[in-house]
Amino acid sequence: MLLKKKGISFSLMALLLIALDQLTKGLAKSSLSSGREIPILPHVLELLYVQNEGAAFGVLSGQRMLFFIITVLVLSVIVCLIRRLPEKRRYFPLFLSSLLIFSGAIGNFIDRMRNGYVVDFIYFMPINFPVFNVADIYVTSGCALMIYLFLFVYRDEDFHFLRRKKGGK
């Protein structure tokens with residue numbers, strides 16, 4: 001029962017995050033694709049429509065099959081992790097980081113499959129940072145949180161639930 005409850009919670013939260021990502025990309029496409037730029041904080045942050053066929057910084061442009069394979073692998077690992085993750089408060093940050101990575105990966109995956117590119121629209125000007133989107137924020141935040149957790153919070157023995165039990169299962 002707990003596994004089912006955890007899975008339902010994860011699924012509903014992921015759907016909400018993915019919907020928010022897709023909504024913002026749809027708004028960006030309809031409002032900014034004509035070349036219009038919207039300053040949010042002058043000379044700091046603006047909304048700017050970009051079609052990104054690659055990954056971060058546009059690398060691996062046109063490699064849809066590679067993105068497909070990587071996305072499926074990442075999503076599979078996260079699903080396995082969530083299924084085994086104990087329902088204890090101690091593991092909620094890992095649940096959250098996994099949720100963010102999963103939702104961001106799905107959000108950008110939808111774009112790649114539907115459009116052949118990812119819609120990016122948030123531009124941080126002071127350091128000429130590549131244009132990004134809400135799904136990128138999810139993935140980056142989730143990865144940063146997961147790295148922090150692995151380096152400073154969890155110890156090896158906290159991952160006993162990932163080890164195979166003797167006897168096969």
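Leu66 is partly exposed in this predicted model, since its relative accessible area of 34% falls between the 20% and 50% cut-offs. The residue sits in helix H2. Look along the chain and you'll find His43 23 residues away from Leu66, with 36 Å between the two C-alpha atoms.

Now for the inside. Which residues of the largest nonpolar core touch the most other members? They are Phe10, Leu85, Leu94, Phe102 and Phe121, out of 33 residues in that core. H1, H2 (64-84), H3, strand S3 (118-124) and helix H4 (134-153) each give two or more residues to this core, and H3 leads with eight. As a rule, nonpolar side chains in soluble globular proteins tend to be buried together.

Leaving aside residues up to four places away in sequence, Leu85 touches Lys6, Tyr91, Leu94, Phe95 and Phe161. Leu85 also turns up in the lining of the second largest pocket, as do Lys6, Tyr91 and Phe95.

That pocket holds about 190 Å³ of space. Others in the lining include Pro86, Glu87, Lys88 and Arg89. Here is the lining of the second largest pocket by class:

| Class | Lining residues |
|---|---|
| Nonpolar | six residues |
| Polar | one residue |

Methods
Residues are numbered from 1 along each chain as its sequence is written. This is a predicted model: local features need pLDDT of at least 70, side-chain atom pairs count only at pLDDT 80 or more; totals for chains, interfaces and linings use all residues. Side-chain values use heavy atoms; hydrogens and water are left out. On a 1 Å grid over the protein atoms alone, a cavity is a set of points where a 1.4 Å probe fits but cannot get out, and a pocket is an open set with protein on both sides within 12 Å along at least five of seven lines; lining residues have an atom within 4 Å of a point. Grid points are joined across faces, edges and corners, and a volume is the space filled by probe spheres set on the points. Ala, Val, Leu, Ile, Met, Phe, Trp, Tyr, Cys and Pro count as nonpolar, Asp, Glu, Lys and Arg as charged, and the others, Gly among them, as polar. A nonpolar core is a set of buried Ala, Val, Leu, Ile, Met, Phe, Trp, Tyr and Cys residues joined through side-chain atoms within 4.5 Å. Buried means under 20% relative accessible area, exposed over 50%, partly exposed in between (1.4 Å probe, protein chains only). Helices (H or I, at least four residues) and strands (E, at least two) are DSSP runs, numbered from the N terminus. Contact means heavy atoms within 4.5 Å.
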